[in-house]
Protein chains: 2
Amino acid sequence: LNRAIVSTCLTLLALAAHAAGDPESGKTKAAACATCHGEDGKSPMAIYPKLAGQNEPYLAYALKTYRANQRKGSQASLMTAIAVVLSDQDIDDLAAYYAGLKP
Amino acid sequence: LNRAIVSTCLTLLALAAHAAGDPESGKTKAAACATCHGEDGKSPMAIYPKLAGQNEPYLAYALKTYRANQRKGSQASLMTAIAVVLSDQDIDDLAAYYAGLKP
């Protein structure tokens, strides 16, 4: 039973590790985001949202809804075009990167 | 000519004043937002975005896309239900209120 518990815990830890984004990878992948959202996640254009310090799960959610073409506002098609090439891991990395920046 | 310039400027100033939201009114109108986005605009639930200090034009844009039912993510229908009763002035007031809060 102890072995089973340890094994289950290791599996859960592995899943948790997989689910977490890597902010260092996210920083590299964020090159395409900087023009509109700023190098530091503080968007120079006020029609675009600041991303620095935003909640990580919300950032991942928002990117996934853009990727799924579920956002249709006038600013959305550019975001969908960018998000459509992103993997789940890319999205988790980007979310971890921006969530970790100082607002 | 000077009079025409002054008149034009006054008209533009009036338009700008109309376009600007009133953060005090926004605070009152934000009662429906606090459960998910926090009293201070710092959402207690990480799946929802922090609003405190977000760019004012983006906040207004986001509310208007929800109101127009242009966002279809799994979290969007609640926001659309809330936004659909808001006037443009309500939205400008809410955007001014949240943009003015400390991140």
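Modeller: Buried area is the accessible area that two parts lose on being put together, summed over both. The model discussed here is a predicted one.

Colleague: How much area do chain B and chain A bury between them?

Modeller: Chain B and chain A bury about 1,900 Å² between them. Of that area, 52% is on carbon and sulfur atoms.

Colleague: Which helix of chain B gives the most to the side that touches chain A?

Modeller: That is helix 4 of chain B, which contributes 5 residues. By class, the side of chain B that touches chain A holds 11 nonpolar, 9 polar and 3 charged residues.

Colleague: How many residues of each chain are in contact there?

Modeller: On the chain B side there are 23 residues, in contact with 23 residues of chain A.

Colleague: And how many salt bridges are there between chain B and chain A?

Modeller: The count of salt bridges between chain B and chain A is 0. For polar contacts, the count between the two chains is 14 residue pairs, both residues being at pLDDT 80 or more.

Colleague: Could we look at one residue that touches the other chain? What does B:Gln54 contact?

Modeller: Apart from neighbours within four places in sequence, B:Gln54 is in contact with A:Pro49, A:Lys50, A:Gln54, B:Leu59, B:Tyr98 and B:Ala99. A polar atom of the B:Gln54 side chain lies 2.7 Å from the backbone nitrogen of A:Lys50.

Colleague: Where is B:Gln54 in chain B, and is it buried or exposed?

Modeller: B:Gln54 is in the loop between helix 3 and helix 4 of chain B. It counts as buried because its relative accessible area is 7%, and the limit for buried is under 20%.

Colleague: Next, B:Arg71. Where does that residue lie?

Modeller: B:Arg71 is found in the loop of chain B between helix 4 (56-67) and helix 5 (76-83).

Colleague: Which side chain of opposite charge is nearest to B:Arg71?

Modeller: The nearest is B:Asp92, which is 15 Å away. B:Arg71 is buried yet has no salt bridge. A salt bridge needs a side-chain nitrogen of Lys or Arg within 4 Å of a carboxyl oxygen of Asp or Glu.

Colleague: What do the polar contacts of the B:Arg71 side chain look like?

Modeller: The side chain of B:Arg71 has a polar contact of 3.1 Å with that of B:Tyr58, and another of 3.3 Å with the side chain of B:Thr65. Beyond its neighbours within four places in sequence, B:Arg71 also touches residues of chain A, including A:Tyr58, A:Tyr66, A:Gln70 and A:Arg71.

Colleague: Changing topic: how many salt bridges are there over all chains?

Modeller: A search of the whole structure finds 8. Side chains of opposite charge can pair when their charged atoms come close.

Colleague: Which residue forms a salt bridge with A:Asp93?

Modeller: The partner of A:Asp93 is A:Lys29, with the closest N and O atoms 2.7 Å apart. A:Asp93 lies in helix 6 (residues 88-99) of chain A and A:Lys29 in helix 2 (residues 23-29) of chain A, so this pair ties together parts that are 64 residues apart in sequence. A:Lys29, A:Asp90 and A:Asp93 are linked in a network of salt bridges.

Colleague: How far apart are N and O in the salt bridge of B:Lys42 and B:Asp40?

Modeller: In that salt bridge the distance from N to O is 3.9 Å. B:Lys42 is partly exposed at 34% relative accessibility, and B:Asp40 is partly exposed with a relative accessible area of 36%.

Colleague: Last one: where is B:Cys33, and what does it contact?

Modeller: B:Cys33 is in the loop between helix 2 (23-29) and helix 3 (34-37) of chain B. It counts as buried, at 15% relative accessibility. Leaving aside neighbours within four places in sequence, B:Cys33 is in contact with B:Gly38, B:Leu94 and B:Tyr98.

Conventions. Residues numbered from 1 in each chain as written. Chains lettered and ligands numbered in written order. Predicted model: local features only at pLDDT ≥ 70, side-chain atom pairs only at ≥ 80, totals over all residues. Heavy atoms only, no water. Helix = DSSP H or I, 4+ residues; strand = E, 2+ residues; numbered from the N terminus. Buried < 20%, exposed > 50% of the residue type's maximum accessible area, 1.4 Å probe, protein only. Lys, Arg positive; Asp, Glu negative; His and termini not counted. Polar contact = N/O pair within 3.5 Å; in protein donor to acceptor, adjacent residues only side chain to side chain. Contact = heavy atoms within 4.5 Å. Buried area = accessible area lost by both parts, 1.4 Å probe. Nonpolar A, V, L, I, M, F, W, Y, C, P; charged D, E, K, R; others polar.
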